[in-house]
Amino acid sequence: MTKQSIIFSPVTRLSGLLSVEAIIENGRVAEANASGTMFRGYEWIMRDRLVTDAVYLTQRVCGICSLAHGAAASYLLDEIYDSELTENAQYLRNIMFAADFLQNHIRHFYLFSLPDFARMPDRPPYLGQNLTDARLGFSDNERLVGHYFEAVKAAQESHQLLALFGGKAPHQHSFVHGGVSVAPTADKISQALALIRSIGDFVKSRMVPDTELVARVYSDYYAIGVTPPRLLSFGLFKFGKMNENNLWRGGVVSDGRYTLPQAQLINEDITNSWYVSGQEKGEKGEDYLPDPYKPHAYTWIKSVNYTGLPYQVGPLARMIINGFYSGGTSTMDRIYARTLETLLLTELVLGWLNKIKPGPPPINQKKTPVKNEATATTDAMRGALLHSAKIQDEKVVRYNIITPTVWNFAPKDKNGNRGPVESALVGTGIPRSDMLFTILGRTIRSFDPCISCATHILDLKKNVEYEEVF
Amino acid sequence: MEKEEFVRLCQSLSCNNNHELTRAILPVVGEYLALPNKSKLPVIWIETNDSGDNNIAFMNTTYPYLDQVFAEMIDLLYSNTFMAAQGSDALSILEQASLMYKSKFVLVVEGAVPVKDNGLYNIIAITEKGAITALEAIRQLEAAAGHVVAIGTCASFGGPSAARPNLTGSAGVRDVLKREIINVSGCPVNPDWFVGTLAHLLMYGRPELDSLGRPVLFYGFTVHRHCQRRSYFDRDDFASKPGDIECMFSLGCMGPRTGADCPYRQWINHVNWPVKANTPCIGCTNEDFPDGSTPFFTTLPEKSEKDEEKKSTSLKET
């Protein structure tokens, strides 16, 4: 019997700061604690500000998926101010949203994930790579590394497409409640078409075959990093005057059974998170207060569950729920589903650009709120995202955000249930000690970690009236 | 190339899409590298409390693109975002690099630094000996660094990470370290401002800084001064809603008191910027962003009134 505790810190090539501590017993991971080690308290920041500040301010929660927060906040404001969206507004919104997905997925696969599978050049920032399980042949390796550098441009072009309509990126300006403030004109549409064709070529000729090659050469990762078969998505790409339709449906899949997600079945747990325990969240709706000294806690990320169980969110959940993919829930399934989604997105953007009719900025903002509270859901790049707000005289009384990271990187809850990442790590075989970081790094990154997104707290129950959100 | 010429190029060639600026600079950087005893700029990049938007903005650099920056301009020795090394291997590189390039490396800090509760709100790594907070890490690297560059508004002044009520006691690097900080603010930073600052450090050393420690060549004039819609302002012709073509002052534009060259530099391969997108500038490069800019869609004089109100209420309360 050998038992050893190890620290994997920092886990690099991701957004934010993450550490993993694990127990290795007889060459297998027996336990794993994933720690998000940064906290900013974003919901507190939203308090007492005008709710119309939410679109620009909540984008600052996360730099790599900022538009997703802007979108969720815009949907929330659409409901509060009773917006009526035009077709052009929805096409433009979805084009920008998809463009931000494209930059994220391309950057994740090449800049963050590829160095887990290919040997990088021997110069900064690739020194000390220590890839202890490199299996690609010389020419395949060189080709994929070449594509890493081509990916730099394809991802930049994705943000350029977004900025054509959005003003800048990250933290775009035009996708706000009531529509989009930029006019779709022939010049912009043709520039966007040129960009999406170039991005699409890259995805088809590089990213898809590269993913297939990695999946073939490292096919054992279809049996590594397997999570329980519980997947959740809030749906993606809204259409209709009132944002009432999702192009990609949301859903909850548990052991192959599909149901519609209901927000009132979402619960939170702070047993192992650095927040004050036993705190009463009374009438005033006090948010959880941070407690960095809390004994036994190990992360700033809270645990969130659906009907008491952890759920995995992200491209894999979306692809399976929408019937585009029928694989399992392993490390390689997550990587493959993300690339598949990237390919589908390039085709969607091309289609939407061809459907827009040139015209004035498709925006109509109403001035008077018709509701004092609302909940908006969508999927972000990494999975299900929820914003909810309670307001008084247009000022935020409470603002709550549940990000995808809170689902995937959830610590153990009070019943000892592991979140998706921790359950994916437990059971992983580590044949040699020098392979530890390589093997664990592949599985952790397959979730596309973003810890910036987790740097806040949430409190659903006491302050928002729930109805079914779909 | 003389320094004056470089500054002139930065200011005059940034207004078109033909990348004359970067085309003009790249070969010069190359020439510089070819000279004996000169090398690429060694960089150690520490991410602290931020949203990661500044490293994404950096990835959006064009001419030079990111791969060209890595190949030709900087040796990015430590970066949580980009480095291939991981775990303790990454920390060993940090240690070695800070010794080997002592007083030569540029310390880039991305994000505000929480100081409350001994900085426990931001831990950059955990070792057998315990947690290394961002506060400890940058204080340890302070003396060894040749220059310190704060990338983005959080690192420069606190930014959104330090917005009220600032539970974590987050502060800009200038309030945590005792030496000069080159602040390259923006939420996020425009990649030209950051890569241009690195280019200046590489070729000419410390750039001229304004009173907020920012390179004058990027932040020297207000957005208002160079705004394409200045003529509307001068004729009191104001927008009534986002999407309008008139001056955005009526919608809360912060241009008149925001130093940045957005109107002529623009964003993401220089294609657009917030006012061109028919929305107000929200003053993201400012010392008091975001608290001084919210409510975003309320006019500047009214925002300040609200500030005064807040101050007087809080005085009454205390």
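The model is predicted: local features need pLDDT of at least 70, side-chain atom pairs count only at pLDDT 80 or more, and totals for chains, interfaces and linings use all residues. Residues are numbered from 1 along each chain as its sequence is written, and chains are lettered from A and ligands numbered from 1 in the order in which they are written.

Next, select B:Cys281, in the loop between α12 (262-265) and α13 (300-317) of chain B; helices are DSSP runs of H or I with at least four residues, numbered from the N terminus. B:Cys281 is buried, with 30 other C-beta atoms within 10 Å; buried requires 20 or more such atoms within 10 Å, with C-beta atoms placed from the backbone. Leaving aside neighbours within four places in sequence, its contacts (C-beta atoms within 7 Å) include B:Val223, B:Cys253 and B:Cys262.

Then move to B:Cys284, in the loop between α12 and α13 of chain B. This residue is also buried, with 27 C-beta neighbours inside 10 Å. Beyond four places in sequence, B:Cys284 touches B:Thr153, B:Gly186, B:Cys187 and B:Phe289.

Finally, select A:Leu76. Not counting residues up to four places away in sequence, A:Leu76 touches A:Ala54, A:Ala374, A:Ala376, A:His387 and A:Ala389.

Technical notes
Contact = placed C-beta atoms within 7 Å. Helix = DSSP H or I, 4+ residues; strand = E, 2+ residues; numbered from the N terminus. Buried ≥ 20, exposed ≤ 12 C-beta atoms within 10 Å, placed from the backbone.
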